[in-house]
Amino acid sequence: MEAHIPLFVARFFHRDDLPTPDFDAVLREQLSGPDHRLAQLNGELARIGSADPAALPLLLEAGRCYLYKNDHLRQQYYAARAFDRAVACGDHGATLEARMSLALAGCWTGALCAARDHIDRVAAYLDGLDDAGVGPRLSLLADLSWVEVQLQRLSDAEEHQRRGLRIAESTGDGDHAVLLRVLFGATLRELGRLGEAEKHTQHAHRLAELQGSADLREMALIALSEIALEAGDSERARELAGQAQAVPGSSGWFGNAALALTGMSMVQTGALRDGRDAVLEAVGGKRLPLVPVVARSRVYAVLAAADASLGQHGEAQEWSRLATRSALACGLDRCHGYAQLAHAEAVLGSDPDAAQRAADAARAAFERAGAELGLAAACLTTGAAHGRRGRPAAAEAALARSEEIYRRCAAVIAADNVRLLRAAGRTAPAGGAGRGPGEIQCLSPRELQVARLIARGSSNQQIASALDIKLNTVQVHVGRILRKLRVGSRVAVARVVTLAETTAPVSPTAAPLPAGGRN
């Protein structure tokens, strides 16, 4: 399948002036690579010369190979060479394919202006065809719509996905029907329409199972995991990510996405250190090279929240700075909102007033972008900042708005968690840590001990060691705590405990901030 559909997002530098070394030097460097097919392609290119007209299909195929290997800089080199050859040869079809390859690469390397120009040309061509003409080019249409999502052209993406889905279903093209339905669900998720997104993605997963396609099943499970995490159901998100990793016969294209989702769900459930480390492993390290460019600030916000909750404020501030640089490079309101949230998370414990200003800036950015789930998360952070400053009325107003938006987006568990925060805030005393009033009165003394350790970010194993009890006993206590407090995650437990024992809400770490995060 030609379309490459990674389902989570960001990049570090905005670069439309990437260095363009001599292509033959790049080619010679790749001749000894371990990939057999690439070795064949590069060997043939070296034999005939990249300027030969016969090199054009080899350049295009090599670009696709690098795309699937997540080597986007080399993909860009090969696609640029293919584009030059296609234009010189007057090969319109190859020119379109090279344009699309350059646009895809640009979403990862930061060449966003070039990506916009290329997809404008591709979209104009496809929009000028009737459905019969688009039918053989559904891979091109799918790739186009994915790039449009990255560039936050969501209405264009939705229109192209609806059209492609209609054509695929009418012609019996099952693979593209599944792919386009998953893409459509991802667009709906970005728009904050989680109920519709889950319906379409579940349908895509059922179709993939019927067709016996392992890669399509894996992709649909990843998409479902993202939706669950957006809705605040971190346990289900982690379960779905695990199922995606366990699909037999899949090519593993989405292995990093599954690991990132697992890590983010761990952050949400209070396993902050392990979750943060899993995310960093999945995205290739500090500069997130395995994540596309536009929402890198979204991932940085998760990392900032995790380290701030762990008391590692210097690291949290560094993630905040990286988020800001990423957002400035992208120039999109949605990215700016995530960067402001990363800053708010980093300073919430030390400077609540600065956190409130950053959260308010995030709210304004998300409102301009029409990002409902991002707006809900910003309101949640605003409420936390007001709570830390002892402003209960302002905190209640912000949390009430957050809950209302989450419910409107069908993020039911996230909304329920905010409702519990509101209840805990109303019943919190004016001080007296350790008195356990309000929502946590239902816990037994041992459960309260476990809940307090959860609030500190301790894992089950750490809790077992601290209390000198068996690991399975801790698991039983955690299950009872979740049921008694009527919450769906360890992060929600931490917030309820902290709000009930002080007047200040705890930082909203990452909930709901998954791979699709605070949308």
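Student: Is E318 buried, partly exposed or exposed in this predicted model?

Tutor: In this predicted model, the relative accessibility of E318 is 23%. Buried residues have under 20% and exposed ones over 50%. The value for E318 therefore places this residue in the class partly exposed.

Student: What is the relative accessibility of R321, and with which side chain does R321 meet in a salt bridge?

Tutor: R321 counts as partly exposed, at 46% relative accessibility. E318 and R321 both belong to helix α17 (residues 313-330), where they stand three residues apart, about one turn of the helix. Their side chains meet in a salt bridge, 2.8 Å from N to O.

Student: Which parts of the chain does the salt bridge of R189 with E226 tie together?

Tutor: The side chains of R189 and E226 meet at 3.4 Å, N to O. Both residues are buried.

Student: How far apart are the closest N and O atoms of E190 and R189?

Tutor: E190 and R189 are both buried. They form a salt bridge, for which the cut-off is 4 Å. The closest N and O atoms of this pair are apart by 3.6 Å.

Student: How many disulfides does the structure hold, and how far from C107 is the nearest cysteine sulfur?

Tutor: The structure holds zero disulfides. A disulfide would need two cysteine sulfur atoms within 2.5 Å. C107, which is buried with a relative accessible area of 0%, is in no disulfide. The nearest cysteine sulfur is that of C330, at 9.9 Å.

Student: At roughly what angle do the axes of helix α5 and helix α6 cross, and how do the residues of their contact divide?

Tutor: The axes of α5 (residues 92-109) and α6 (residues 112-127) come within 8 Å and cross at roughly 145°, and the crossing is left-handed. The contact includes L96, M100 and C107 of α5 and I119, V122 and Y125 of α6. Its residues divide into 10 nonpolar, three polar and three charged. The angle asked for is roughly 145°.

Technical notes:
Residues are numbered from 1 along each chain as its sequence is written. This is a predicted model: local features need pLDDT of at least 70, side-chain atom pairs count only at pLDDT 80 or more; totals for chains, interfaces and linings use all residues. Side-chain values use heavy atoms; hydrogens and water are left out. Buried means under 20% relative accessible area, exposed over 50%, partly exposed in between (1.4 Å probe, protein chains only). Helices (H or I, at least four residues) and strands (E, at least two) are DSSP runs, numbered from the N terminus. Axes are lines fitted to C-alpha atoms, for helices over the stretch in contact, and angles run from 0 to 180 degrees between N-to-C directions. A crossing is left-handed if the near helix is turned anticlockwise from the far one by less than a right angle, and right-handed if clockwise. Contact means heavy atoms within 4.5 Å. Ala, Val, Leu, Ile, Met, Phe, Trp, Tyr, Cys and Pro count as nonpolar, Asp, Glu, Lys and Arg as charged, and the others, Gly among them, as polar.
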